[in-house]
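Colleague: I am new to this structure. Please take me through the ligand and its surroundings, then the packing of the protein.

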Amino acid sequence: MRRKLVAGNWKMNGDSAFVSAFSSAIAPNIQALPEGIDVLIAAPTILLPQLCQEFALTRVLVAAQNVSSYASGAYTGETSAEMLSKAGCDACLVGHSERRALFGDTDEVMLSKVRRLLEVEIQPIFCIGETLEQRDLGQASNVVTSQLALLLDNLSSEALGKIAVAYEPVWAIGTGRTASPEQAQAMHERIRDHVRQKDAELAEKMVLLYGGSVNADNSSELFAQPDIDGGLVGGASLQADNFAQICKSIECR
Ligand code: PGA
């Protein structure tokens with residue numbers, strides 16, 4: 001049975017007081033969840049040490065939203081995978097559509113980031129998803145599978161087994177327009193089939209998250225789909241009560 005994962009993505013929001021208030025509000029709710037469910041918060045780099053400290057005695061995992069593609073050295077403004085590891089991070093987002101669109105993260109850069117993270121045993125959460133234009137042109141499946149091919153073509157099954165994939169249609173991110181459970185399931189099934197062509201065992205164990213306007217009203221239906229193993233939640237992860245509701249809406253199958 002695959003583990004379930006509900007990941008919050010705070011994006012560029014939050015401060016020290018917010019971390020303290022959020023942690024105390026969420027921790028008791030998360031402790032009460034069934035064992036097979038993981039909960040994670042991806043926060044801005046500067047808040048990570050505090051978050052790791054606040055969540056140290058809880059089940060909540062901590063993720064970075066970005067990492068340098070370089071290991072160390074003269075790269076002003078960058079944060080290395082080793083630094084994240086030493087701060088206590090468990091995971092890190094790679095390839096979020098905002099980084100692809102606004103910060104020019106190319107395939108080469110994303111692959112290096114994934115490699116740096118795997119070297120220090122931080123779990124990459126690799127984000128893929130089509131734009132509205134691509135969907136309207138009937139290209140959604142091809143776009144998504146070719147984004148995934150970056151990993152499948154360049155990494156071993158062993159390395160791939162450590163990665164979670166988040167399908168986030170760009171048109172659903174921050175728009176309030178969620179993919180329907182049927183649309184999301186269809187793409188997740190397509191993604192899992194594509195992984196199966198490389199390695200059937202890997203396909204069965206790979207954790208596939210859905211992201212894009214997930215909230216407390218739509219999460220249970222999305223999470224009930226057979227190939228959706230959890231969510232990557234942006235806006236709704238900034239309210240502890242809402243986020244706790246979303247975490248509780250996932251059931252262990
Ligand atoms: P959203 O963001 O839930 O606010 O749509 C999701 C994401 O960008 O990860």
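**The ligand and its surroundings**

Modeller: The ligand is surrounded by 13 residues, and the closest are Lys11, His96, Glu168, Gly174 and Ser213. Keep in mind that this model is predicted. By type, the shell around the ligand splits into 7 polar, 4 nonpolar and 2 charged residues.

Now look at the backbone. A polar backbone atom of glycine 174 lies 2.6 Å from an oxygen atom of the ligand. Serine 213 also has a polar backbone atom facing the count: here the distance to a ligand oxygen atom is 2.7 Å. For glycine 235, a polar backbone atom is 2.9 Å from an oxygen atom of the ligand. How much of the ligand does the protein bury? Taken alone, the ligand exposes 290 Å², and the protein buries 95% of that.

Next, the packing. The largest nonpolar core holds 69 residues. Ile41, Phe126, Tyr210 and Phe243 have the most contacts inside this core. Which helix gives the most to it? That is helix α7, residues 140–152, with 6 residues.

Another core, of 14 residues, lies apart from the largest one, and Leu232 is among its members, as are Ala7, Ala91 and Cys127.

Note on methods:
Residues are numbered from 1 along each chain as its sequence is written. This is a predicted model: local features need pLDDT of at least 70, side-chain atom pairs count only at pLDDT 80 or more; totals for chains, interfaces and linings use all residues. Side-chain values use heavy atoms; hydrogens and water are left out. A residue is near a molecule or strand if one of its heavy atoms lies within 4 Å of it. A polar contact is a pair of N or O atoms within 3.5 Å; within protein, one must be able to donate a hydrogen and the other to accept it, and residues adjacent in sequence count only if both atoms are side-chain atoms. Accessible areas come from the Shrake-Rupley method with a 1.4 Å probe; for residues, only the protein chains shown count as cover. Ala, Val, Leu, Ile, Met, Phe, Trp, Tyr, Cys and Pro count as nonpolar, Asp, Glu, Lys and Arg as charged, and the others, Gly among them, as polar. A nonpolar core is a set of buried Ala, Val, Leu, Ile, Met, Phe, Trp, Tyr and Cys residues joined through side-chain atoms within 4.5 Å. Buried means under 20% relative accessible area, exposed over 50%, partly exposed in between (1.4 Å probe, protein chains only). Helices (H or I, at least four residues) and strands (E, at least two) are DSSP runs, numbered from the N terminus.
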